[in-house]
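Q: I am new to reading protein models. Can you walk me through one, feature by feature?

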Amino acid sequence: MRGDLNRRAFLQNAIRTPSGKMTMRPNAHGEMVSLLAYGAMRLPTVDGNQAGLDWGGSPAPIDKPEVFAQVDWAIEHGVNLFDTSPCYCRGESEGVLGEALARHPRNKWFVSTKLSNFAAETQTAAASEKM
């Protein structure tokens, strides 16, 4: 990458239209979804670090006011897609993200999540459906 264009500047330019709005794309149902998503794999913790996957990251509690502020900022700037998983942030990502998003009208955001069936006992069709 050129020395005068850092990663942040590149992303800011890549996701915004000439009008300064977030670039949107239709999803499979024709709904307009932001090109970039807010990823909730490593949410901030109260010790200034971040919670990671089930097997890593800070053990400190998730900093909910900071997550709420980040989600608010993302929505205010055109992000309407939020990505999470049951295995993110010690299993707390979906709940905390849900709390943050519940403060906004439901028609303002989309959530993508996934099956986190890493353990053999959760890999059957029945266990996956239950999850």
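A: First, the ground rules. This is a predicted model: local features need pLDDT of at least 70, side-chain atom pairs count only at pLDDT 80 or more, and totals for chains, interfaces and linings use all residues. Residues are numbered from 1 along each chain as its sequence is written, and side-chain values use heavy atoms, with hydrogens and water left out.

Q: How many helices and strands are there in the protein, and in what order do the elements run?

A: Helices (H or I, at least four residues) and strands (E, at least two) are DSSP runs, numbered from the N terminus. The protein has four helices and five strands. From the N terminus, their order is α-β-β-β-α-β-α-β-α.

Q: What share of the residues is buried?

A: Buried means under 20% relative accessible area, exposed means over 50%, and partly exposed lies in between (1.4 Å probe, protein chains only). Of the 131 residues here, 30% are buried. Areas come from the Shrake-Rupley method with a 1.4 Å probe; for residues, only the protein chains shown count as cover. The protein exposes about 8,300 Å², and carbon and sulfur atoms supply 56% of that.

Q: Let us take helix α2. What span should its 13 residues have?

A: The expected span of a helix is 1.5 Å times one less than its number of residues. For α2 that gives 18 Å, and its end C-alpha atoms are 18 Å apart, which agrees. After α2 comes G78, with a positive phi near 95°.

Q: Which residues of α2 are buried, and which exposed residues sit on the face turned away?

A: An α-helix has 3.6 residues a turn, so residues three or four places apart point the same way. In α2 the buried residues are V67, F68, V71, D72, A74 and I75. Down the helix axis they fall within an arc of 165°, so they line one face of α2. The arc is that of the directions from the helix axis to the C-beta atoms. P65, W73 and E76 are exposed on the face turned away. The cover over the buried residues of α2 includes β3 (38–39), β4 (81–83) and α3.

Q: Which residues touch the most other members of the largest nonpolar core?

A: In soluble globular proteins, nonpolar side chains tend to be buried together. A nonpolar core is a set of buried Ala, Val, Leu, Ile, Met, Phe, Trp, Tyr and Cys residues joined through side-chain atoms within 4.5 Å. The largest one here has 22 residues, and Y38, L43, V67, V71 and F82 touch the most other members. α2 gives the most to this core, with five residues.

Q: What is F82 in contact with?

A: Contact means heavy atoms within 4.5 Å. Leaving aside neighbours within four places in sequence, the partners of F82 include Y38, V71, L97 and W109.

Q: How many salt bridges are there?

A: A salt bridge is a side-chain nitrogen of Lys or Arg within 4 Å of a carboxyl oxygen of Asp or Glu. The count is four. One of them joins K64 and E99, with the closest N and O atoms 3.0 Å apart. K64 lies in α2 (residues 64–76) and E99 in α3 (residues 93–101), so this pair ties together parts 35 residues apart in sequence.

Q: What about D72 and R103?

A: Their side chains meet in a salt bridge at 2.7 Å, N to O. D72 is in α2 and R103 in the loop between α3 and β5 (110–112), so the pair links parts 31 residues apart in sequence. D72 is buried at 18% relative accessible area, whereas R103 is partly exposed at 40%.
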